[in-house]
Amino acid sequence: MRWHRLVAIVRKEVIQISRDLPSLLITVAMPLLLMLAFGYGVRFDIQHIPVYVYDREGSQQSQDFLKHFQASEYFDVVKTVDNYPALIQALDAGDCRLAIVIPADFSERLRTGGTVSVQALIDATDNNTANVSISYSEAVVQTYNREIQLEWLRGHGQAGFQPPLMVDTRTWFNEDLESTANIVPGVVAIIMAVIGSFLTSLTIAREWERGTMEQLVSTPVTPMELMIGKLVPYFVIGLLDTALCAGMAIWWFDVPFRGQWSVFFLSCTLFLIVVLSLGYFVSVIAKSQLAASQVALIATFLPAFLLSGFIYPIDQMPAFIQLITHLIPARYFMTIIRDVFLKGTSIPLLLNDLLALAIFALLLTILATRAFQKKLS
Amino acid sequence: MPAAIATSDLTKRFPGVLAVDRLRIEVHPGEIFGLVGPDGAGKTTTVRMLAGVLTPDSGSAMVSGFDIVRDPESAKAHISYMPQRFGLYEDLTVEENIRFYADVFGVPRADREQRSRQLLDAAGMDQFTTRLAGKLSGGMKQKLGLVCALIHRPRVILLDEPTNGVDPVSRRDFWRILYSLLDEGIAILMSTAYLDEAERCHRVALLHQGRILFCETPAKLKTHLKGAVLSVVAPYPRRVRAALDGVEGMLNALLVGDGVHLVVDDAARRIPELRAKLQEAGLSFDRLVEVAPTIEDLFVAATSGTDGKST
Amino acid sequence: MTNDDAPPVIARDLVKRFGDFVAVDRINLEAQRGEVVGFLGPNGAGKSTTIRMLCGLLRPTAGQAIVAGYDVAREPERVRQRIGYMSQKFSLYNDLRVIENIRFFASLYHVPASVLKERESWVLDMAGLNGRESTLTGTLPSGWKQRLALGCAVLHRPSILFLDEPTSGVDPISRRQFWELIHTMAAEGVTVLVTTHYMDEAEYCNRLVLIFQGRIVASGAPTELKQRAMTGALLLVECEPLGLALDLLQQTPDVRDAAVFGNALHVVVPDANAAIPRLRTALSQQGVTVTKVEPIRPSLEDVFVSLTAAQGAAGKA
């Protein structure tokens, strides 16, 4: 390895990158856009479920009951109708996800101490929303139930009655149960995976396509010098991008950062080495820039998105798929990055994941160097 | 003095094609050696093998004292290769391109600056150091490619069709630079499809379908042509050719824009005969003289002799 | 609009400007039926731009061009229907078979079905590809590809043909066969315009037009140009050592140009007879051994270089 050759390659790459405005814009703009898109666009908090109501009684008590739905941030009572078919139509048309029917003898039944059935019709095409509708509706009803019972008990001289069993919930790591805190750190990982490999995937293919590689191969430059020289600038860009995204997560999206910065940057370095080497490898074996970029995107984005635990929890996947996720570097990085932001775990607990990343980094680097031949086929 | 380039039975096969067939050439320091032949003759393949970017199937080659087949990397520091699509970085300036190649070859800074000034001056490009390579004209790109190839004082220069598509004026500048290097004892091998460029080389190898037809100095090459070449300038060339068809001693007749080129067995004898024939046919002509044969005449004669109708 | 006596290609004061840059500066030319006209000139001189205007591919900034009886600015479509165009790197599809390429171009040029079969066999015959209809075009040697490309360019029997560096890199025999075809077509009345860098190719043209910086600087038959257009005489000087001789000659006042040619020098002087003895003396005085000094016929390249140098000098003055 000769220093002057390495420096020559690095200098050339830096000049070329700085003069390639479109790519530079992508490097800066794309992460920001992705952060915004995912940060605001992907929400698992289900709120404001549209509700239609058919109140057959229309009494003060039924209105009182409905107010409990109204008050909940999970529901939005959108419209009141006065006939059954209108409800059905609304459900069909998707104007509401939940339709409540209050029977004509609602208050009467309650006064006489009987049970009332309030009908709840649920659009379950989205089973997640349906589950939420069901559980929150039941919660609203339970709350109302308790109020009625307490009132009854007070009316009968048992004012200080307390229910025997209660659950004391403490939410750790994500107190507001905001999905943003879950998603956004993951987005940082996705962005690094995609940008890292996309940028480098073009570099070798481009030199072959433009004809400069043939001349380069006839010089004393070694494959190792070429690879390191080409990846160093992208590594720096990758780290800057990561810092940018992390900054955005913390200051724009208010995601807490509880871990150590050293752990964060160590894992980022390792993961960057992985994705950059992967992109370089793709660039070496692909015949054209077009093919290289497509393969790179598919090889990094899809696994990172689907199999890293970004949106779909790994432990919910079938056993076989779970095994496969062990082969996805993004999985380990996802764990680390979420831990660092939300849990603040110490290194010993993250050691396995860090080690896995390090192994991947080494393997891919070797693969990439070996793949490049200083010869015309 | 040992040869700067020496090959022995160099062979390369591609699927369905024997591109280079047991090639044997020698190039000496201070010499410009021309590898001449049309597309598909095996020129580029040969140059690539000598540059160490393509592995031959069999045979050996010594370039600048190193075995380019077994130990290409050692040789590369002393070789300069300018492929057909030469390696200019269009988004780098002239200066940056030169600096890149200088650093790759480990040329010290002071050396690089002096030599770069010298070469750019000779190429007439000293005003363009900060221009992006992509914005240069075709001829200038070629010259810049050459400057980059020369910056590290190689002992052997390999050029693959360097003047392809370049206009004659730029071509002359290019050649001037090449000739100036010979005094330093550099050996230059260049391939070209321009047969007339062969005349500028010290020695020429005519390649045809991977094999050498001739390998001589241009002057000696032309003596290989059997017979002499006559030029007839006339207003109606087709009629002239038709009239002289089948005449004794005529080996070939080629239509050109303003006349006919004839290959005859004996100029002195045939010229008066042909004049008479044309006058007899009532055809006017401006001139009928012997001209120097071109390398193309030789090539055509040689290749049509060996296998009748060519590709 | 067609007048049978008018030249098929007429350009009058043709101008093309790209912003401030004048690519073509008032070009006037005419090409007769059955004539082969060659356009020579350095890159960027305006050859391609001129051809593109004549083909109806580029709109002139000023001036007029009438090709095949149609004004290129007003009716470019009609012009394009009546011309054939063959480009440098052969626009054939390498992954199509020979016959598929022919049929593709036939459909592009709207060759009527009634004559399609006849034209197909004509092209196959002309290119020597009978029996090879199903060969993949990419596997053909370049000489055959070139003739096939030519055939495809004239499937619609145009009366005017534009060729752009048609034989670069092709072996000499194939090139000669190609030019036989061109001359045959010319004899049948086709007007052929060729752009080229190849001096060898220039020799095949009936008339040459030398373009430099957007203007025509010389025009005439090849031999004519070689005789009169050369400003000065060309001498061959064989001597030793060559490098020293070159330096000396370049400093000699009467020498217009001196260049190395293999083992000798080519020197341009105003007058051969006067120069020969003077050069001999000048060189021998400085220790150069002179073996030969004689006048030689300039090649087209010498003419070209001499004319463009003169133009360049005039431009600088």
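Modeller: A residue is buried if 20 or more other C-beta atoms lie within 10 Å of its own. The model discussed here is predicted.

Colleague: What span does helix H6 of chain C reach from its first C-alpha to its last?

Modeller: The helix has 16 residues, and at 1.5 Å a residue 22 Å is expected. The span in the model is close to that, at 22 Å.

Colleague: Which residue just after H6(C) takes a positive phi?

Modeller: The phi in question is about 110°. The residue that takes it, just after H6(C), is C:Gly189.

Colleague: Which element supplies the largest share of the side of chain B that touches chain C?

Modeller: The contact takes 39 residues from chain B and 38 residues from chain C. On the chain B side, H5 (138–150), H6 (168–182), E13 (250–256) and H10 (295–307) each supply at least two residues. The largest share is six residues, and it comes from H6(B).

Colleague: Which residues have the most contacts inside the largest nonpolar core?

Modeller: That core has 261 residues, and its largest share, 18 residues, comes from helix H7 (residues 179–210) of chain A. The residues with the most contacts inside the core are B:Ile188 and C:Val67.

Definitions and conventions:
Residues are numbered from 1 along each chain as its sequence is written. Chains are lettered from A and ligands numbered from 1 in the order in which they are written. This is a predicted model: local features need pLDDT of at least 70, side-chain atom pairs count only at pLDDT 80 or more; totals for chains, interfaces and linings use all residues. Helices (H or I, at least four residues) and strands (E, at least two) are DSSP runs, numbered from the N terminus. The expected span of a helix is 1.5 Å times one less than its number of residues. Two residues are in contact if their C-beta atoms, placed from the backbone, lie within 7 Å. A nonpolar core is a set of buried Ala, Val, Leu, Ile, Met, Phe, Trp, Tyr and Cys residues joined through C-beta atoms within 7 Å. A residue is buried if 20 or more other C-beta atoms lie within 10 Å of its own, exposed if 12 or fewer, and partly exposed in between; C-beta atoms are placed from the backbone.
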